Amino acid sequence: MAASASSRRVAIVGATGNIGTSVVEALRGDPQVEGIIALSRREPPEQGPGVRWERTDVRQDDLVGKFASVDTVVHLGWIFQPTHDPVTTWRTNVLGSIRVFEAAAAAGVRHLVYASSVGAYSPGPAGRSVDETWPTHGWPAAAYSREKAYLERFLDAFERQHPDIRVVRMRTAFCFKPESAEQQRRLFIGPFLPNKLAHPELLPVLPLPTGLRFQAVHSDDVGESYRLAILSDSRGAFNVAADPVVDFSALADLLQVRPAAVPAPMVRAVLAAAWNLHLVPASPDLFDAFLRLPMMDTGRAREELGWSPRRSSTAAVADFLRGLRSATGDSSPPLRSPLPGGRVEELRTGVGQRP
């Protein structure tokens, strides 16, 4: 493991989300972390010891001033909605991220850790996993994948322009924990998810698209991977995922139901109709990208950072399902459950329309 003896003063952009709350918890109390500045658009109800919160909009605020007292910037900020307005997500996710990177350089920050994603990768080969050298051109039709891929190209140039800044790209699989389940339901599934889908005893058959397989990891294990990356001297990209690969049969076992294979084009057609009618937030283009994701080899994170997940991928998905059943959420604004007005408010404000 490439450990560093120096301490860190860390600013976390997007500290109140799924991964952000786990990164804060992983860093809080670590003797090598001198201080944490949590930056987000919405104020958390409590900051906790060792954390100072500042309201921050990456699109317009003075980020150089906010980074002046830190040596490390962790950039997690991202919006998934409005899914029908890719210009809005581009302005926040791409242009806002570029402002974060350039402000970090202007403020003299020495370490930049960025939340990339498996979604940045080009479609993967069948039958084998890919390491961090696999192309990161994404799936261009899907806004999320397109934005992640664009930022990979920007960081390629940024690293050449700023060789003195250690840049780390964390390419994570799907991240789950109970507290984030309701937020993820709102972001990707919408208000019409029947409770039966979270209660296996009420589901006689589970329809799943053929060819379904993906990697998952518990968000708290992701938080630990960030802690190790922040405190190390390592540069470059790290794939972060747990075993095993979650597939058709694994999901059926988790839900204890009989799976029913549905052709992927049929699933896409139904999703496209529902998305065009503003009944679900996730677009059919995102579904296309999802089916083409490569399986990631996590050897570099395990060997160089000394990272090893404490929970399996199926345990992470099981935690998500448990959180979905209880809808407990968290006190953090993005993870709060229920939101004021509940699902009726989701409908009133437009499914997939909240930035």
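Which element supplies the largest share of the lining of the second largest pocket? In this predicted model, that share comes from helix 1, which contributes three residues. The second largest pocket has a volume of about 360 Å³, and among the 20 residues lining it, T21, E25, R28, E46 and D330 are the closest to its centre. At least two lining residues each are supplied by helix 1 (18–27) and strand 3 (51–55). Divided by class, the lining comprises seven nonpolar, six polar and seven charged residues.

The model contains twelve aromatic pairs. One of them, formed by F101 and F158, is tilted, with a centre-to-centre distance of 6.2 Å and an angle of 50° between the planes. Because F101 belongs to helix 3 (residues 86–106) and F158 to helix 4 (residues 143–161), this pair ties together parts that are 57 residues apart in sequence. F101 and F158 are both buried.

For F174 and F290, the ring centres are 5.6 Å apart and the planes lie at 70°, above the 60 degrees required, so the pair is edge-to-face. This pair, too, links distant parts of the chain, with F174 in strand 7 (residues 174–176) and F290 in helix 9 (residues 284–291), 116 residues apart. F174 has a relative accessible area of 31% and is therefore partly exposed.

The charged end of R292 is placed over the ring of W139, 4.1 Å from the ring centre, while that of R300 lies over the ring of F238, at 4.0 Å from its centre.

Note on methods:
Residues are numbered from 1 along each chain as its sequence is written. This is a predicted model: local features need pLDDT of at least 70, side-chain atom pairs count only at pLDDT 80 or more; totals for chains, interfaces and linings use all residues. Side-chain values use heavy atoms; hydrogens and water are left out. On a 1 Å grid over the protein atoms alone, a cavity is a set of points where a 1.4 Å probe fits but cannot get out, and a pocket is an open set with protein on both sides within 12 Å along at least five of seven lines; lining residues have an atom within 4 Å of a point. Grid points are joined across faces, edges and corners, and a volume is the space filled by probe spheres set on the points. Helices (H or I, at least four residues) and strands (E, at least two) are DSSP runs, numbered from the N terminus. Ala, Val, Leu, Ile, Met, Phe, Trp, Tyr, Cys and Pro count as nonpolar, Asp, Glu, Lys and Arg as charged, and the others, Gly among them, as polar. Rings of Phe, Tyr and Trp (its six-membered ring) pair if their centres lie within 6.5 Å; planes under 30 degrees apart count as stacked, over 60 as edge-to-face and the rest as tilted. Buried means under 20% relative accessible area, exposed over 50%, partly exposed in between (1.4 Å probe, protein chains only). A charge sits over a ring if NZ of Lys or CZ of Arg is within 6 Å of the ring centre and within 35 degrees of the ring normal.
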